[in-house]
Amino acid sequence: MVNIPSSMDDPIPPAEVEDVELYHSHSWWTTYVFSQDAKVIAIQYSMTAMAIGLVALVLSWLMRLQLGFPGVFTFIDAERYYQFITMHGMIMVIYLLTALFLGGFGNYLIPLMVGARDMVFPYANMLSYWLYLLAVLILVASFFAPGGPTGAGWTLYPPQAVLSGTPGGADWGIVLMLLSLIFFIIGFTMGGLNYVVTVLQGRTRGMTLMRLPLTIWGIFTATVMALLAFPALFVASVMMLFDRLLGTSFFMPAIVEMGEQLQHAGGTPILFQHLFWFFGHPEVYIVALPAFGIVSDLISTHARKNIFGYRMMVWAIVIIGALSFVVWAHHMYVSGMNPNFGFFFATTTLIIAVPTALKVYNWVLTLWRGDIHLTLPMLFALAFIVTFLNGGLTGLFLGNVVVDVPLSDTLFVVAHFHMVMGVAPILVVFGAIYHWYPKITGRMMDETLGRIHFWVTFLGAYLIFFPMHYLGLLGMPRRYYEMGETAFVPPSAHSLNEFITIVALIVGAGQMVFLFNLFWSVRHGKDAGGNPWRATTLEWQTPTTPPPHGNFGKDLPIVYRWAYDYSVPGAAEDFIPQNQPNDDRISREPS
Amino acid sequence: MSAILIFLAALALIITWWMAQQRLMSKPWLEVGHAGDTPQREGSSIPTAKIGLGVFLAVVGALFTLLISAYFMRMGLNDWWAVPIPGLLWFNTALLVASSLALQWTKAKAQRGNLEAVKAGLGLSFVTSVGFLVGQILAWRQLTAAGYLVADNPANSFFYLITGMHGLHILGGLVALGRTSFRALKGVPAKAIWLSVDLCAMYWHFMLLVWLILFALLAGWANDFVEICRQLLT
């Protein structure tokens, strides 16, 4: 453990920063495999997340094949279809996005951006990754277990999740799923403590909270939320395991299955829904807040302009984080509730749009009259703003009880949440990888391949999810294995479904371009130098690239300014790094 | 879900109080340091490990509050028959109180550098905590012997779930306490392990508080209080 000495007694602090003692690895194993270096752990997290994400991508292809061409692919039966849906959703939300944003970017960027040598509890940080890997392996194991993975839907609603009619319900599927979640949450808690306490205690001299880059604010707030929200999923998972394995009746009402009365009685599925969505809604913002933060930094850097309204951006992040804990029941309008509760949750849901809209305005105002470089990170950041706005607007529809109830079980909801928490954060993930890749490897990713990847992904995502809103408005239900003959679905809707499937296949294939670029550029990319984007934040000021264990050479940097000094009038360059003190030649006008 | 919302509101107050001291109204774009300035060390003067434990306890608090929330929601349904509380739980509670007090005493001794007293205090607290866990298992056995099985009634299920979850947390704490005791036995100076003892004491006090709340809840004394709250809310 790195203990930061806490003597604040000396009136004149020495100029150099006291150093912390680092754990030094001795062998290849402890350097690259059981590493306690946050940067190695970040890469391990990211690689594992992307590997399991590929599984989710293939699952979405299989689902789309069934929806676009029902009956053609006979190996996809109804049971398999539900397993694909469940695993796709679960992997994407938890094992890919949460793990990548917090475990991946959090680990890599927090120590570097706040000017620390490493996380404050490196050993727990290492355990965090290995527990995450264990959770992923248990999840993968469920594909090979008798009966296959659970097909209960990613929300795992009881009672159906533990009944024999649901794939994996009476077999291993649901048990492995719940165990995997429990391990994921224990592992995440270990990592999350690190992210929070490092931001609190690991900051270098001069790095006040209000000088933190917004990326760190986003990851920090999201981690605090995740630490408080994941226990709800933990409790729900443990209680459901009890119901499934010990025959208790926390969630299970009295049920007759196959003509037999089960031993459960009196439980309430609504209790599970409350616990699940108490985690589930903050989860949306656990994924979105890091994305907000990263996009702010990408836009500012690549438009060579300071972020508009930094303070408001910070407050908005914190307020969104707080509000997201009191909106959970808007996922349960269809379950039925006291109209007063419905009114309350609809109101809070709409209020959360205010700070969110404020952020969108600030991004646009940052771009306004900026020196916009259409680099790959910038393209993805711009695409994010548009996509998030789209998804957010349909969220305003769905936040209202009367609109939500008829739309709730249609493809409209699928289109909404894919836009807002699927496509939008993934675009940020890509933008962030293109942005920080030069720091991680010392080389640039290939520009042409990157542009192909961007346009295929961006346009493709719109071609997939825009028509889906329309299908939803037609009343096309979601979660259906096949539609059969229905009067209200015109033949054109079926051709639209085929079209969506074909585009989905192409977009999925487009991701292979990205993967190729990712691995190819490690050796063959253009040399990047230490600061190819001419950015101000501390991670770009390391003496060597990629940064070694310990991040910053002999002395830790001292921070003299905020993270957004771009195009300062009178300055020699169009950016001033955070660790550069004021040079009296530069006169600054109060703005 | 009102229990967890009250817990989060309390946490929000603490966070707001902390944020209020962080100069959130400052204008960072106007505040540029000069080369001669040496900015202050950032972060709090409280040891990092202690802050880490504080954050962890907030997470543990959320976990138990969520269990309590679920308990209240399930209790409202009409198939609930409360479990008779084994008398042994009183004895266990006394053991846990003793353990917590022993750690508080050890902390004071460690501050004064009295290693022998630290060893004795850690040993006493370790033994009483193990005693608590054994006592909890015996209480489970008494209940099962009397026919209160885990799946028979939601009150039983919650009893085993909540006491089990609390026991696991004590067990985890014993790992840290064991490591601290081991270092004390190896002769590490008392002042050097003061922080570890302090952290153990903090964790034990917290788990004792959690246990007292859970005990009141399981024994049914909290029911009247909850009833009053419920009437206020509806």
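This report describes a predicted model with chains A and B, taking confidence, fold, interface and local backbone features in turn.

## Model and confidence

Because the model is predicted, local features need pLDDT of at least 70 and side-chain atom pairs count only at pLDDT 80 or more, whereas totals for chains, interfaces and linings use all residues. Residues are numbered from 1 along each chain as its sequence is written, and chains are lettered from A and ligands numbered from 1 in the order in which they are written.

The model scores ipTM 0.95 and pTM 0.94. Chain A has an average pLDDT (the predictor's confidence in each residue, from 0 to 100) of 91, and 95% of its residues score at least 70. For chain B the average is 91, with 99% of the residues at 70 or above. In chain A, residues 1–17 stay under 50 in pLDDT, and the model has 29 contacts beyond four places in sequence for them. Two residues are in contact if their C-beta atoms, placed from the backbone, lie within 7 Å.

## Fold of chain B

Chain B contains 7 helices and 0 strands, in the order α-α-α-α-α-α-α along the sequence. Helices (H or I, at least four residues) and strands (E, at least two) are DSSP runs, numbered from the N terminus. The radius of gyration of chain B is 22 Å, well over the 17 Å that the globule rule gives for 234 residues, so the chain is more spread out than a compact globule. That radius is taken over C-alpha atoms, and the globule rule is 2.2 Å times the number of residues to the power 0.38. The C-alpha trace of chain B spans about 75 × 55 × 25 Å along its principal axes.

Of the 234 residues in chain B, 34% are buried. A residue is buried if 20 or more other C-beta atoms lie within 10 Å of its own, exposed if 12 or fewer, and partly exposed in between, with C-beta atoms placed from the backbone. Among contacts in chain B with a separation of 6 or more, 81% are between residues 24 or more positions apart.

An unreviewed UniProt entry places the feature "domain: Heme-copper oxidase subunit III family profile" at residues 1–223 of chain B. UniProt positions are given in the numbering used here, feature names are shortened, and annotations may be inferred rather than shown by experiment. Over residues 1–223, chain B is 73% helix and 0% strand, and the end C-alpha atoms are 16 Å apart.

Helix 6 of chain B (residues 194–219) has 26 residues and reaches 37 Å from its first C-alpha to its last, close to the 38 Å expected at 1.5 Å a residue. The expected span is 1.5 Å times one less than the number of residues. Just after this helix, Gly220(B) has a positive phi of about 95 degrees.

## Interface between the chains

Contacts between the chains involve 59 residues of chain A and 45 residues of chain B. On the side of chain A that touches chain B, helix 5 (173–201), helix 6 (214–246), helix 7 (269–302) and helix 8 (310–323) of chain A each supply at least two residues. Helix 6 of chain A gives the largest share, 9 residues. This side of chain A divides into 37 nonpolar, 17 polar and 5 charged residues. Ala, Val, Leu, Ile, Met, Phe, Trp, Tyr, Cys and Pro count as nonpolar, Asp, Glu, Lys and Arg as charged, and the others, Gly among them, as polar.

Ser157(B) belongs to helix 5 (residues 154–185) of chain B. Ser157(B) counts as buried, with 24 C-beta neighbours inside 10 Å. Leaving out residues up to four places away in sequence, Ser157(B) touches Phe242(A), Thr248(A), Phe250(A), Val150(B) and Ala151(B). From Ser157(B) to Gly172(B) the C-alpha distance is 22 Å, for 15 residues of sequence.

## Backbone exceptions

Most residues other than glycine have a negative phi, and most peptide bonds are trans. The bond from Pro158(A) to Pro159(A) is cis, with omega near 0 degrees; Pro159(A) sits in the loop between helix 4 (122–144) and helix 5 of chain A. The peptide bond from Thr545(A) to Pro546(A) is also cis, with omega near -10 degrees, and Pro546(A) falls in the segment after helix 15 (491–524) of chain A.

Met258(A) has a positive phi, near 50 degrees, in the loop between strand 1 (256–257) and strand 2 (260–261) of chain A. Met258(A) counts as exposed, with 8 C-beta neighbours inside 10 Å. For Arg23(B), phi is positive and near 55 degrees. Arg23(B) lies in the loop between helix 1 (2–20) and helix 2 (48–75) of chain B, and is partly exposed, with 13 other C-beta atoms within 10 Å.
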